[in-house]
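Biologist: I would like to learn how to read aromatic pairs and strands in a model. Could we go through one together?

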Amino acid sequence: MKKKISSLPFNGTPEQEQKLKEIIDANKHDKSRVMAVMQEAQDIYGYLPIEVQKMIAEGMNVPLEKIYGVATFYAQFSLTPKGKYNISVCMGTACYVKGSQSLLDALSEKLGIGIDECTPDGKFSLEACRCIGACGLGPVLTVNDEVYGKLTADDIPGILAKYND
């Protein structure tokens, strides 16, 4: 599955940039540390926008294409920001046959975003994941660390209402 690139403007802070520069400086003489630097960059920013990928590429003296290739190959990396409330719908076999696609469709419609996107206000992000190990509760979704099971599309408005702060 091809990863989406964020359409939201990048808004990193000077503090984040300074922290990333320190990490790059500590690792720039060892190209085998590129992936570790990318992991730390994602911890700082929450995702790997192209601006951060460029900083890593330039600082580590590695082609941007290599950074992008690693970011798009490994599932641990995200090219889109996560919302304050990251919603993940299980699309594993058990959840899928019990109707998880209808949950994903309802969330997408209600939030006005697709998979791997974030609402413009940064409040919600939406992703589809593989089995989360709660097959008996299917279909399942999580909002950050909260697990919701045995759902229908009709449950979506009530779940989202809990996060309207």
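**Reading strands and ring pairs**

Modeller: This is a predicted model. Start with strand 1, which is joined to strand 4 (residues 141-143) by three bridges, the two running antiparallel. Here valine 89 stands opposite leucine 141 in strand 4.

Biologist: Which way does strand 1 run relative to strand 3 (residues 124-129), parallel or antiparallel?

Modeller: Strand 1 and strand 3 run parallel, with six bridges between them. Asparagine 86 has serine 125 of strand 3 opposite.

Biologist: Why is strand 1 described as largely enclosed?

Modeller: Six of its six residues are buried, so strand 1 is largely enclosed by the rest of the structure. On one side Tyr85, Ile87 and Val89 are buried, and on the other Asn86, Ser88 and Cys90 are as well.

Biologist: How many aromatic pairs are there, and what describes a pair of aromatic rings?

Modeller: A pair of aromatic rings is described by the distance of the centres and the angle of the planes. The count here is four aromatic pairs. In one of them, phenylalanine 10 and tyrosine 45 have ring centres 5.7 Å apart and planes at 45 degrees, so the pair is tilted. Phenylalanine 10 lies in the segment before helix 1 (14-27) and tyrosine 45 in helix 2 (residues 34-45), so this pair ties together parts 35 residues apart in sequence.

Biologist: Is tyrosine 45 buried or exposed?

Modeller: Tyrosine 45 is buried, at a relative accessible area of 11%. Phenylalanine 10, at 28% relative accessibility, counts as partly exposed.

Terms used: Residues are numbered from 1 along each chain as its sequence is written. This is a predicted model: local features need pLDDT of at least 70, side-chain atom pairs count only at pLDDT 80 or more; totals for chains, interfaces and linings use all residues. Side-chain values use heavy atoms; hydrogens and water are left out. Rings of Phe, Tyr and Trp (its six-membered ring) pair if their centres lie within 6.5 Å; planes under 30 degrees apart count as stacked, over 60 as edge-to-face and the rest as tilted. Helices (H or I, at least four residues) and strands (E, at least two) are DSSP runs, numbered from the N terminus. Buried means under 20% relative accessible area, exposed over 50%, partly exposed in between (1.4 Å probe, protein chains only). Two strands pair if DSSP finds at least two bridges between them.
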